[in-house]
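Here is a short report for someone meeting this structure for the first time. Please keep the sequence and the 3D view at hand while reading.

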Amino acid sequence: MGLKRIQGFIDISTGNPESASVVYRAVKPEFMDSPSGRSSVSVDLEDDRITIKISARDPASFRAALNSSLRWVRLSMDMMELIPPDKQDS
């Protein structure tokens, strides 16, 4: 019997609910439309914690979704460092 699905979770704690909310709002649209039917990704927010769930049909699809998810989160966190805190909610 072969592998049917691969699932994994990424749990990110920002230590700050406002930062988590900014990151969540930045990455959520990326997860709404998957370009491939081979994987799906969802994102949830609770307090200062962002949870990303990845489900894929094969290891290559899982790795691609994982890498993309981590890049989107990292990019949004890097952008927060460039934008003054009083301008982040605008």
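This is a predicted model: local features need pLDDT of at least 70, side-chain atom pairs count only at pLDDT 80 or more; totals for chains, interfaces and linings use all residues.

The side chain of D78 meets that of R74 in a salt bridge, at 3.1 Å from N to O. R74 is exposed, at 51% relative accessible area. Both residues lie in helix α2. They are 4 residues apart, about one turn of the helix.

## The fold

The protein has 2 helices and 3 strands. Read from the N terminus, the order is β-α-β-β-α. Of the 90 residues, 31% are buried. The exposed surface comes to about 6,100 Å². Carbon and sulfur atoms supply 53% of that surface. Among contacts with a separation of 6 or more, 65% join residues 24 or more positions apart.

## Salt bridges

How many salt bridges does a search of the whole structure find? It finds 3. Side chains of opposite charge can pair when their charged atoms come close. The table lists the pairs.

| Pair | Distance, N to O |
|---|---|
| R49 and D11 | 2.7 Å |
| D58 and R38 | 2.9 Å |
| D78 and R74 | 3.1 Å |

The R49 and D11 side chains meet in a salt bridge. This pair links distant parts of the chain, with R49 in strand β3 and D11 in strand β1, 38 residues apart. R49 is partly exposed, with a relative accessible area of 34%. D11 is also partly exposed, at 46%.

The D58 and R38 side chains meet in a salt bridge too. This pair also links distant parts of the chain. D58 sits in the loop between β3 and α2, and R38 in the loop between α1 and β2. They are 20 residues apart. R38 is partly exposed, at 39% relative accessible area.

## Around R49

R49 belongs to strand β3, which covers residues 49-56. Which residues does R49 touch, not counting those up to four places away in sequence? They are D11, I12, S13, A20 and D44. The C-alpha atoms of R49 and I12 are separated by 5.5 Å, although the two residues are 37 apart along the chain. The side chain of R49 also makes a polar contact with the side chain of D11, at 2.7 Å.

## Helix α2

Helix α2 runs over residues 59-82. Its 24 residues should span 34 Å at 1.5 Å a residue. The end C-alpha atoms are 35 Å apart, which agrees. At the start of α2, a side-chain oxygen of D58 reaches to within 3.2 Å of the backbone nitrogen of A60.

Which residues of α2 are buried? They are S61, F62, A65, S69, V73, S76 and M80. What covers them includes β1 (6-13), α1 (17-32), β2 (39-46) and β3.

S61 is in helix α2. S61 counts as buried because its relative accessible area is 6% and the limit is under 20%. Leaving out residues up to four places away in sequence, S61 touches R38, S39 and A56.

S69 is in helix α2 as well. Its relative accessibility is 0%, so S69 counts as buried. A polar atom of the S69 side chain lies 2.8 Å from the backbone oxygen of A65. With residues up to four places away left out, S69 touches I10, F31, V41, I52 and I54.

## The aromatic pair

The structure holds 1 aromatic pair. The rings of F31 and W72 have their centres 5.3 Å apart and their planes at 80 degrees. The pair is edge-to-face because planes over 60 degrees apart count as such. F31 is in helix α1 and W72 in helix α2, so placed that the pair links distant parts of the chain, 41 residues apart.

Are F31 and W72 buried or partly exposed? F31 is buried, with a relative accessible area of 8%. W72 is partly exposed, at 27%.

How values were computed:
Residues are numbered from 1 along each chain as its sequence is written. Side-chain values use heavy atoms; hydrogens and water are left out. Buried means under 20% relative accessible area, exposed over 50%, partly exposed in between (1.4 Å probe, protein chains only). Contact means heavy atoms within 4.5 Å. Accessible areas come from the Shrake-Rupley method with a 1.4 Å probe; for residues, only the protein chains shown count as cover. A polar contact is a pair of N or O atoms within 3.5 Å; within protein, one must be able to donate a hydrogen and the other to accept it, and residues adjacent in sequence count only if both atoms are side-chain atoms. The expected span of a helix is 1.5 Å times one less than its number of residues. Rings of Phe, Tyr and Trp (its six-membered ring) pair if their centres lie within 6.5 Å; planes under 30 degrees apart count as stacked, over 60 as edge-to-face and the rest as tilted. A salt bridge is a side-chain nitrogen of Lys or Arg within 4 Å of a carboxyl oxygen of Asp or Glu.
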